[in-house]
Amino acid sequence: MSFLKILYYPDKRLRLIAKPVKKIDTTIKHIVNNMIDTMHQEEGIGLAATQVNIQLQIVVVKKMEEQKDNLILINPVIVKKKGHISIEEGCLSIPKYRATVPRSNYIKVRAINIYGKAIEIEAKSIVSICIQHEIDHLHGRLFIDYLSKFKQDRIEKKFKKIKKQKNLLKE
């Protein structure tokens with residue numbers, strides 16, 4: 001069991017675009033297992049590799065009612081969207097901040113599973129929202145990007161101030 005360090009906003013690495021995984025090998029499987037451990041440790045419902053400074057297209061989603069296991073999506077692509085839903089979202093990389101974000105209620109996703117097999121999954125409601133949120137991370141987008149410029153500026157100032165205070169405490 002190994003825990004990875006989560007990047008916190010406004011870390012610029014959260015804006016990097018992840019590269020596709022070329023081959024599922026023991027290194028990728030190890031990363032996935034560490035991501036799952038980290039997600040559970042941090043009490044999150046999803047985690048993208050970019051949030052732990054691994055610039056690869058890997059997403060893990062916590063096991064929920066309709067899922068038998070944790071969902072592992074490698075090189076995920078949303079191929080279909082329907083409906084609208086908005087709930088208050090949070091993010092492990094932006095702790096203690098939540099906002100209502102518009103999402104699609106239903107999505108169909110193509111990806112590769114941990115065994116290297118092409119899969120297609122359908123998700124709705126909270127699972128759909130979580131997958132969309134995590135795929136956004138792979139493209140360097142954060143849920144706060146959906147907010148007004150005014151709100152984004154306030155959040156950035158708040159988190160820069162927190163980061164500065166933490167750095168002063170370290171000195």
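Which residues of H1 are buried? They are Ile 28, Ile 31, Val 32, Asn 34, Met 35, Ile 36, Thr 38 and Met 39. The structure is a predicted model. The protein has 3 helices and 7 strands, arranged along the sequence as α-β-β-β-β-β-β-β-α-α.

**Overall dimensions**

- The radius of gyration of the protein is 16 Å, in agreement with the value near 16 Å that a compact globule of 171 residues would have.
- The C-alpha trace spans about 50 × 40 × 25 Å along the principal axes of the protein.
- Of the 171 residues in the protein, 46% are buried.
- Among contacts between residues at least 6 apart in sequence, 64% join residues at least 24 apart.

**Helix H1**

- H1 covers residues 26-41, which makes 16 residues.
- From first C-alpha to last, H1 reaches 22 Å, close to the 22 Å expected at 1.5 Å a residue.
- The cover over the buried residues of H1 includes strand E1 (46-48), strand E2 (58-61) and strand E3 (71-82).
- At the N-terminal end, H1 is capped by Asp 25, with a side-chain oxygen 3.1 Å from the backbone nitrogen of Thr 27.
- Just after H1, Glu 43 has a positive phi of about 60°.

**Glu 134 and the annotated site**

- An unreviewed UniProt entry places the feature "active site" at Glu 134.
- Glu 134 belongs to helix H2, residues 125-138.
- The relative accessible area of Glu 134 is 4%, so Glu 134 counts as buried, the cut-off being under 20%.
- Apart from neighbours within four places in sequence, the residues in contact with Glu 134 are Gly 46, Leu 47, Ala 48, Gln 51 and Val 59.

**Glu 89**

- Strand E4 (residues 85-91) contains Glu 89.
- Glu 89 is buried, at 4% relative accessibility.
- Apart from neighbours within four places in sequence, Glu 89 is in contact with Tyr 97, Arg 98, Ala 99, Val 101, Arg 103, Ile 129, His 133 and Phe 143.

**Salt bridges**

- Side chains of opposite charge can pair when their charged atoms come close.
- The count of salt bridges comes to 10.
- One of them joins Arg 13 and Asp 11, with 2.6 Å from N to O. Arg 13 is partly exposed at 36% relative accessibility, whereas Asp 11 is buried at 16%.
- The side chains of Lys 108 and Glu 120 form a salt bridge of 3.8 Å, N to O. This pair links distant parts of the chain, with Lys 108 in strand E6 (residues 106-112) and Glu 120 in strand E7 (residues 118-124), 12 residues apart. Glu 120 is partly exposed, at 41% relative accessibility.
- Arg 141 and Asp 136 meet through their side chains in a salt bridge of 2.9 Å, N to O. Arg 141 is partly exposed, with a relative accessible area of 36%, whereas Asp 136 is buried, with 5%.
- Through salt bridges that share partners, Glu 89, Arg 103, Asp 136 and Arg 141 are joined into one network.

Key: Residues numbered from 1 in each chain as written. Predicted model: local features only at pLDDT ≥ 70, side-chain atom pairs only at ≥ 80, totals over all residues. Heavy atoms only, no water. Helix = DSSP H or I, 4+ residues; strand = E, 2+ residues; numbered from the N terminus. Expected span 1.5 Å × (residues − 1). Buried < 20%, exposed > 50% of the residue type's maximum accessible area, 1.4 Å probe, protein only. Contact = heavy atoms within 4.5 Å. Polar contact = N/O pair within 3.5 Å; in protein donor to acceptor, adjacent residues only side chain to side chain. UniProt positions renumbered as here; feature names shortened; annotations may be inferred. Salt bridge = Lys/Arg side-chain N within 4 Å of Asp/Glu carboxyl O. Rg over C-alpha atoms; globule rule 2.2 N^0.38 Å.
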